[in-house]
Amino acid sequence: MSLLYLEIVAKICRTSKEKLKIYWKSLGKFKVYFFVLAFSFQMMYTYTGTSVKTVVNMYVNATVRLHENGGNKVKKLLVVVDMQIDFVNGSLGSKEAEAIVGNVKNKIEQCKSEGWEIVFTRDTHPVEYLQTQEGKYLPVEHCIKDTEGWEIIPELRTYVEHVIDKPTFGSTELVKYVGEENAECVELIGLCTDICVVSNALLLKANYPEMSISVDASCCAGVTVESHEAALMTMKMCQIQVRD
Ligand SMILES: [Zn+2]
């Protein structure tokens, strides 16, 4: 919503711009109802003489209250990090990564049934990977865009609705998305605990200190068992809730 429009509507409704912003975000995909309702209010105003200001204000306040009280508009996000073939049984695969596939699948099923939104990330590199900074330190080609190893593992593909490709460990695009979705809590699972899971958990914590951020350790695996445990400890120390 443009700022000028926001200002005008706020003036007409004698409400604050902040309240209107929350209201607009909480509408999500149902913004079309906003216009249907606005039309109904116009009819009420024309035919019954009810003040438009009164009706719109009642509606805005009710929605804001629902949002603040944690009504069903509050979003919970499950971020499934880099569950790609190359990290599970491809060029950088491990038996620990293979071992969490069942847990990850169950977790996604459970979160879906509770109304969580699921977001996947994909490590994504160009064919010149070995010439990049990451390639110099980890000279193993992996997750080259459009190759088989880059794909999400077949066991989870049916759950992929929203996917964010990321060129490095932490994703600034994920940060932006979580902000836009107005998520109240975010849980991260996937690979690898000690690189991309920890990077994104700390990135989210830095950007949204009041957000509830957690990881489910039973759905994560690290490059080594030791570095997996070390990353969990780092996250615990940074007040990211670690579930077992
Ligand atoms: Zn990579």
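These are my notebook entries on the fold of one chain.

**Entry 1: the model.** I noted at the start that this is a predicted model. I then looked up the secondary structure, and the chain has 11 helices and six strands.

**Entry 2: burial and contacts.** I checked how much of the chain is buried. Of its 244 residues, 27% count as buried. Next I looked at contacts between residues at least 6 apart in sequence. Of these, 74% join residues at least 24 apart.

**Entry 3: the sheet.** In what order do the six strands lie in the open sheet? I read the order as S3-S2-S1-S4-S5-S6, and the pairing is parallel. I reminded myself that strands of a sheet pair through backbone hydrogen bonds, either parallel or antiparallel.

Entry 4: I looked for the edge strands. They are S3, residues 163-166, and S6, residues 241-243. Each of them pairs on one side only. I also looked up the angle between neighbouring strands of this sheet, which is 25° on average, direction ignored.

**Entry 5: S1 and S4.** How many bridges link S1 and S4? I found seven bridges between S1 (residues 75-81) and S4 (residues 183-191), in the parallel sense. I picked out Lys76, which stands opposite Cys185 in S4.

**Entry 6: helices on the sheet.** Which strands does helix H7 touch? H7 spans residues 101-113 and packs on the sheet, touching S1, S2 (117-123), S4 and S5 (212-221). The direction of H7 makes about 145° with that of S5. I then turned to helix H9, residues 172-180. H9 lies across S1, S2, S3 and S4. H9 runs at about 150° to S3.

Methods: Residues numbered from 1 in each chain as written. Predicted model: local features only at pLDDT ≥ 70, side-chain atom pairs only at ≥ 80, totals over all residues. Helix = DSSP H or I, 4+ residues; strand = E, 2+ residues; numbered from the N terminus. Buried ≥ 20, exposed ≤ 12 C-beta atoms within 10 Å, placed from the backbone. Contact = placed C-beta atoms within 7 Å. Pairing = 2+ DSSP bridges. Axes fitted to C-alpha atoms, helices over the stretch in contact; angles between N-to-C directions.
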